[in-house]
Amino acid sequence: MRKTLPRAALGPLFALATAAHAAVMTPPVAPPSVPFTKATVIAGAKFFADHCSACHAVSNLRYKRMGADLGLSKAVITKSFMKPGGANYLKGMRPAMTQAEAKKWFGLPAPNLSHMARALGPRFLYTYLTSFYWDPKRPSGWNNHVFPNVAMPYILAPWGGIYTKNGKLLVPGRETPAVFDRHVADVVAFLRYASDPSVFERRAIGRYVIGAFVILSILAYLLKKDYWRDVHDKEAPGGAQKGATAKSARKG
Ligand code: HEC
């Protein structure tokens, strides 16, 4: 192909392919900038606990740690986040479904999402979660533009609506596209936090570390000024003269 097609033709072809791809992507590929604050993470965590943890584990994120990072009490965590039966406050987020059940129903277990945001990036996760479409040929009835033949059923359909492959709305969701996008961004923010739980702690400590560096820099500058004052004094005309007088005195 490289040999037969002139290079100049590749540009327009690529543009055409991109335009065709964009036309079938509904909602669009470009995600909004995902807000990343404790509030959005908590909202996403709540949605995740209510809906996604039916199938997915986040085994590296302990409920206790989540409470400490997000400023939530044990009572709140127990009541609102520890949904699946057998969930333990001192252990990681577990799914309600066993691996064997997931294999039986979806053909493969739902992946552990502990490091998914690090591996795939928040932008991809957002795009993945908004790129499902109705495909009656699939066993689950769902397919995905960025993950062809995906095994995950589109559990966000009641909120976001059901679209065909070409982006035609079949059944509207209960949320407007803007609210839905925000909702998905919250879930993505939670997954981002889950793959990097020390992020808020780092941010809080970071402020003091930078402050300490600023103070140290000022002290170092004052110290430097003090040391160099002696050198400058010696180099000053008065100092030089003094040196010259001493030299001539020695000579004489
Ligand atoms: C009914 C079970 C089920 C529910 C509920 C579910 N998922 Fe999944 N999910 C799956 C399965 C099964 C896969 C594996 C798909 C595959 O490999 O084909 C998957 C895959 C994924 C992936 C990996 C995609 C990739 O590119 O590798 C992400 C991310 C994900 N799910 C996020 C979510 C989020 C967020 C929610 C909640 C909004 C959710 N899932 C709810 C079953 C589920």
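Which helices each supply at least two residues of the shell around the ligand? Keep that in mind while we get our bearings. What you see above is a predicted model, and the answer is helix H5 (99-106), helix H6 (116-120) and helix H7 (122-129). Among these, H7 gives the most to the shell, with three residues.

Let's stay with the ligand for a moment. It has 24 residues around it, and the closest are Cys52, Cys55, Ala110, Ala151 and Met152.

Now zoom out to the whole chain. You can count eleven helices and six strands in it. The chain has 252 residues, and 23% of them count as buried. Take the contacts in the chain with a separation of 6 or more: 65% of them come from residues 24 or more positions apart.

Next, look for the largest nonpolar core. It has 39 residues, and the ones that touch the most other members are Ala45, Val188, Phe190, Leu191 and Ala194. Several elements each supply at least two residues of this core, including helix H2 (38-51), strand E1 (58-62), helix H3 (63-70), helix H4 (74-81) and helix H9 (177-194). The largest share of the core, nine residues, comes from H9.

Setting aside residues up to four places away in sequence, Ala194 touches Val58, Leu61, Leu113, Ser114 and Ala117.

H2 and H9 also meet each other. Their axes come within 7 Å and cross at roughly 95°. An angle of 65 to 115 degrees counts as roughly perpendicular, so that is how H2 and H9 lie to each other. On the H2 side, the contact is made by Thr40, Val41, Ala43, Gly44, Ala45, Phe47 and Phe48. H9 brings His183, Ala185, Asp186, Val187, Val188, Ala189, Phe190 and Tyr193. By class, this contact of H2 with H9 has eleven nonpolar, three polar and one charged residues.

Finally, let's visit a few loops. Leu72 sits in the one between H3 and H4. Is Leu72 buried, exposed or partly exposed? Buried would take 20 or more C-beta neighbours and exposed 12 or fewer; Leu72 has 18 inside 10 Å, so Leu72 counts as partly exposed. Not counting residues up to four places away in sequence, Leu72 touches Gly67 and Ile77. Leu72 and Ile42 are 30 residues apart in sequence, yet 9.1 Å apart in space, C-alpha to C-alpha.

Asp135 lies in the loop between E3 and E4. With 17 other C-beta atoms within 10 Å, Asp135 is partly exposed. Leaving aside neighbours within four places in sequence, Asp135 is in contact with Gly141, Trp142, Asn143 and Lys165. Asp135 and Asn149 are 14 residues apart in sequence and 9.4 Å apart in space, C-alpha to C-alpha.

That brings us to Asn149, found in the loop between strand E4 (142-144) and helix H8 (157-160). Asn149 has 12 C-beta neighbours inside 10 Å, so it counts as exposed. Most residues other than glycine have a negative phi. Asn149 has a positive value, with phi near 60°.

Technical notes
Residues numbered from 1 in each chain as written. Predicted model: local features only at pLDDT ≥ 70, side-chain atom pairs only at ≥ 80, totals over all residues. Near = placed C-beta within 6 Å. Helix = DSSP H or I, 4+ residues; strand = E, 2+ residues; numbered from the N terminus. Contact = placed C-beta atoms within 7 Å. Core = buried A, V, L, I, M, F, W, Y, C linked by C-beta atoms within 7 Å. Axes fitted to C-alpha atoms, helices over the stretch in contact; angles between N-to-C directions. Parallel < 35°, antiparallel > 145°, perpendicular 65-115°, else oblique. Nonpolar A, V, L, I, M, F, W, Y, C, P; charged D, E, K, R; others polar.
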